[in-house]
Amino acid sequence: MDPVSEQYETYPYPERDPADETRRLVTGSPSAPREIDHFLFRGARDWSQPFRVLCAGGGTGDGTIQIAQLLADAGCPAEITWLDPSRAARGIAEERARIRGLDIRFVTGPLEEAPALGQFDYIDCCGVLHHLETPQAGFDALAKALAPEGGMGLMVYAPYGRTGVYALQSAFGRLLGADAASEKPALAREVLKALPEANWFRHNRFVTDHQQSDAGLYDLLLHSRDVPFTVSALGAALEEAGLGLVSMLEPARYDPLRYLPEGEAFAARVKALAPLERMALAEELAGDIRLHVAYATHAERAGAVSAKVTPDAVPRLVGLPPKALAETVAKRGGITIDYAGVKHRVRLPPSAARLIALADGRPLGEIARAARLDWFAFAQAWAPVHAGLTGFNKLNYSRTFR
Ligand SMILES: C[S@@+](CC[C@H](N)C(=O)[O-])C[C@H]1O[C@@H](n2cnc3c(N)ncnc32)[C@H](O)[C@@H]1O
């Protein structure tokens, strides 16, 4: 058996117990419907209309279950297709869907065959493309399966934030190449305990999957095919497939000015770079970008599909209750966002606090009226909130999803 297939039959990923569906829903990026609406449908899709979704390389079902459940809750007549070659992963994903009473079409097969399944309004492909023998064939197949007005949410691994991982994958390939998949995690754990102090993996606190489960350890360190993408390589693969990048997540982490000394000297140099080069520079400087989450669509539409500041846009503060956020902004002039100990300061003017407090599900036009501001004055006052919070994906716009 091909070693990648052997891995996912032995260790379906991520490790999930279907019984947990009765107590929690796993949510995240890409593919939260609120994000899909914000990045790909201008925050204004009519979700009473049918929506065809493909979860390509759906694994044990996290993305598939999230999207199926949240669309069902919103009353959207969605058709959800899970596609993956792993029978073991399918068994788990199917059971999760059964427990929740979700109607999902399951297809066992490779995503390279996706175009034969039809056209999709949204394609989720999370943690898969970097494991394909020919990743470009995967990008091309997904582009062919994407409806003309559709969009996709992708996640691929990134090299610099995974410093130390690839040397160990290679070392384990040499050392444990002849061992059965089921034997490898225990052997690998022994090696990890004895790693010399100077090994880079020991210094990389951003990768922790090996601490979660054997499936996590296998996916991180024992994978037989894992070719990470720099943001430049991701951009090139999208372009080759006729796709265009809508946004990286979180966009502010791809702004090199966050990682450079303040002042004109560097700002001017950054300004001279093309958008993808700026992001590449940010990735090279940041050090902690260990994966890329990206929203994309057909190239010619990429600049026109995400939500804008308009009177009917409905702001959704993600994980930040409006009143509590407003109090913090009034007191501290911003918030601090923490990614595994790396802190990013988001400056927000205290004068915007009263607008933030009103972001409780009403459209921006109503917030402006409640604040007694004309639209022009409101748009100016809202601009730093929009830039600061969308930059860290703490603000999306969606009429339907909160
Ligand atoms: C790391 S898991 C990700 C699962 C899921 N997307 C998630 O994020 O939870 C990778 C999945 O890709 C699947 N896979 C590997 N090669 C594939 C291919 N050619 N087409 C579709 N899926 C593939 C594996 O079987 C495995 O379930």
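Rings of Phe, Tyr and Trp count as a pair if their centres lie within 6.5 Å. The exercises below apply this to a predicted model.

**Exercise 1.** Which residues form one aromatic cluster with Phe41?

*Solution.* The cluster consists of Phe41, Trp47, Phe51 and Phe401. In the whole structure there are 11 aromatic pairs.

**Exercise 2.** Classify the pair of Phe41 and Phe51 as stacked, tilted or edge-to-face.

*Solution.* 
Step 1. The ring centres of Phe41 and Phe51 are 5.7 Å apart, and the limit for a pair is 6.5 Å.
Step 2. The planes of the two rings stand at 75°. Angles over 60 degrees count as edge-to-face.
Step 3. The pair of Phe41 and Phe51 is therefore edge-to-face.
Step 4. Phe41 belongs to the loop between helix 2 and strand 1 (51-56), while Phe51 is in strand 1. The two residues are 10 residues apart.

**Exercise 3.** Decide for Phe41 and for Phe51: buried or exposed?

*Solution.* 
Step 1. A residue is buried under 20% relative accessible area.
Step 2. Phe41 has 14% relative accessibility, so Phe41 counts as buried.
Step 3. Phe51 has 1% relative accessibility, so Phe51 counts as buried too.
Step 4. Phe41 also has a charged neighbour: Arg45 lies over the face of its ring, 5.8 Å from the ring centre.

**Exercise 4.** Describe the pair of Phe39 and Tyr295, and state where each residue lies.

*Solution.* 
Step 1. Phe39 is in helix 2 (residues 33-40) and Tyr295 is in strand 7 (residues 291-298).
Step 2. Phe39 and Tyr295 are both buried.

**Exercise 5.** How do helix 5 and helix 11 pack?

*Solution.* 
Step 1. Two packed helices are described by the angle and the distance between their axes.
Step 2. For helix 5 (residues 135-145) and helix 11 (residues 231-240) the angle is about 50°, and the axes are 9 Å apart.
Step 3. This angle makes helix 5 oblique to helix 11.
Step 4. The crossing of helix 5 and helix 11 is right-handed.

**Exercise 6.** Which domains does the domain assignment give?

*Solution.* 
Step 1. Domain 1 is made of two segments, 3-157 + 229-304.
Step 2. Domain 2 covers 160-221, and domain 3 covers 315-397.
Step 3. The centres of domain 2 and domain 3, taken over C-alpha atoms, are 41 Å apart.

Definitions and conventions: Residues are numbered from 1 along each chain as its sequence is written. This is a predicted model: local features need pLDDT of at least 70, side-chain atom pairs count only at pLDDT 80 or more; totals for chains, interfaces and linings use all residues. Side-chain values use heavy atoms; hydrogens and water are left out. Domain bounds come from an automatic or database domain assignment. Rings of Phe, Tyr and Trp (its six-membered ring) pair if their centres lie within 6.5 Å; planes under 30 degrees apart count as stacked, over 60 as edge-to-face and the rest as tilted. Helices (H or I, at least four residues) and strands (E, at least two) are DSSP runs, numbered from the N terminus. Buried means under 20% relative accessible area, exposed over 50%, partly exposed in between (1.4 Å probe, protein chains only). A charge sits over a ring if NZ of Lys or CZ of Arg is within 6 Å of the ring centre and within 35 degrees of the ring normal. Axes are lines fitted to C-alpha atoms, for helices over the stretch in contact, and angles run from 0 to 180 degrees between N-to-C directions. Angles under 35 degrees count as roughly parallel, over 145 as roughly antiparallel, 65 to 115 as roughly perpendicular and the rest as oblique. A crossing is left-handed if the near helix is turned anticlockwise from the far one by less than a right angle, and right-handed if clockwise.
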